[in-house]
Amino acid sequence: MRGYFNDKLLRKYMYNRGHWKSIIELDNNLTVASNDELTAINKVGDENTYTTDVLSTATIDFIKNRDIDKPFLYLVSIPDPHTPVNIREPYASMYNPDDIILPENFYKYNAHWAPNGTVQNDQNNGDETAAKEWMALYFCEVSYIDDNVGRILEALENEHILDDTIVVFTTDHGEYMGEHGLWRKGQLYPEVNHIPFFIRYPKKINANTKISEYVSAVDFLITMTSLAEIDNTSCDVGQDASVLFQDNNHWDGTQYLTSSTFSFSAISKEAIFVGFRQDEYNLMFDMEKDPLNNNLYNAPKYFDIKKKLYEKLLNFETKLNTPTCVVKRYRAIKNFSSNKRATPFCVRSSFLYDKQNSNK
């Protein structure tokens, strides 16, 4: 977690758990740790031990004590907002659950494939009171992060390097708040895939600039090296999204998403998202016209764009030679047409070769 290139200092703010709410110093090696014996997962720290405080203070310490003659790249990864939704005061009382408004599709459960841990039920925020209490604490965690990001920006300003620093705020995934009858993450709905991405760099990006195009995590490296005007020698994947901050740009807004287990593939372009799942629970959303993200996969008027995006995704995945369900189905269908050895499951899985839809 620490941005020093020195073994002892590098270890100072590393710890061996994920979303614990309290971390402590373990030994003389300055290793910070949390475990069941020392700090139970539900124990909430104070301003000196709560995880967000510890990591934000570590970041400020780095800013103040860095080598001022060298540039730096620093990453602070704050575990919150995350379960368990426990937080220290005064933040824990910041929001009244009675003031929380539940999503319009709170009771609209259509994700039949979702695992029990994410489905709304009696043990998982199944009633409105429990849901509002959970959401209020989650928002408390978010506000707490906001305040600590403010502390970090203030430290940069005090060191007179704020405007010389590219500051990025983003996350790894979103969170369901009862939408579609779901909690936590996964399941391909835009609520968890469409995440914030804020950049502050006044030398090249005007304040209050808002970009409507979609970018991907694979675009991050080449975009940052371009903004910093340094050579990118690591890899050549992704697109340089810094062109989106210019008046004239050429940007391919197509984005691809593939499961780490290759159980699904997805594609989005111009606010249309299509996801193809191994279990055949395919999804399609029009994120511009339908903010509730109802599944439009079988809607006749979307067939042409669905077919076009399927072909684009198939071409992309085939070039990468990925073992995704899309490529497997395509190859199985080809084999079926030539030697009749493909399974009926594979034939049913691809709408592209569905004879009932082929002429629509």
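Student: Does aspartate 99 count as buried or exposed?
Tutor: The model is a predicted one, in which local features need pLDDT of at least 70 and side-chain atom pairs count only at pLDDT 80 or more, while totals for chains, interfaces and linings use all residues. Residues are numbered from 1 along each chain as its sequence is written, and side-chain values use heavy atoms, with hydrogens and water left out. Buried means under 20% relative accessible area, exposed means over 50%, and partly exposed lies in between, with a 1.4 Å probe and protein chains only. Because its relative accessibility is 58%, aspartate 99 counts as exposed.

Student: Which residues gather with Asp99 in a patch of negative charge on the surface?
Tutor: A patch is made of residues with over 30% relative accessible area and no salt bridge, like charges being joined within 9 Å and nonpolar side chains (Val, Leu, Ile, Met, Phe, Trp, Tyr) within 5 Å. The areas come from the Shrake-Rupley method with a 1.4 Å probe, and for residues only the protein chains shown count as cover. Asp and Glu count as negative, Lys and Arg as positive, and His and the chain ends are not counted, while the place of a charge is NZ of Lys, CZ of Arg, CG of Asp or CD of Glu. The residues that gather with Asp99 are Asp98, Asp127, Glu128 and Glu133.

Student: How many salt bridges are there?
Tutor: Side chains of opposite charge can pair when their charged atoms come close. Here a salt bridge is a side-chain nitrogen of Lys or Arg within 4 Å of a carboxyl oxygen of Asp or Glu. By this rule the count is nine.

Student: With which residue does arginine 88 form a salt bridge?
Tutor: The closest N and O atoms of this pair are 3.0 Å apart. The pair links distant parts of the chain, 35 residues apart, with arginine 88 in the loop between α2 and α3 and its partner in helix α2.

Student: How far apart are the closest N and O atoms of lysine 307 and glutamate 311?
Tutor: Both residues lie in helix α6 (residues 303-320), four residues apart, which is about one turn of the helix. Lysine 307 counts as partly exposed because its relative accessibility is 30%, and glutamate 311 is partly exposed with a relative accessible area of 36%. Lysine 307 and glutamate 311 form a salt bridge, and the distance between their closest N and O atoms is 2.9 Å.

Student: In β8, what is the bridge partner of tyrosine 256?
Tutor: Two strands pair if DSSP finds at least two bridges between them. Strand β7 (residues 255-258) and strand β8 (residues 264-269) run antiparallel and are joined by four bridges. In β8, tyrosine 256 has as its bridge partner isoleucine 267.

Student: Which residue in the hairpin of β7 and β8 takes a positive phi?
Tutor: Most residues other than glycine have a negative phi, and most peptide bonds are trans. This hairpin has five residues between the strands, and the residue with a phi near 60° is phenylalanine 262.

Student: Is histidine 160 buried or exposed?
Tutor: Histidine 160 has a positive phi of about 60° although it is not a glycine, and its place is in the loop between α3 and β3. Because its relative accessible area is 70%, histidine 160 is exposed.

Student: And is asparagine 293 buried or exposed?
Tutor: Asparagine 293 also is not a glycine, and its phi is positive, about 55°. It lies in the loop between β10 (283-286) and α6. Because its relative accessibility is 7%, asparagine 293 counts as buried.

Student: Which residue is joined to aspartate 80 by a cis peptide bond?
Tutor: The omega of this bond is about -5°. The residue joined to aspartate 80 is proline 81.

Technical notes: Helices (H or I, at least four residues) and strands (E, at least two) are DSSP runs, numbered from the N terminus.
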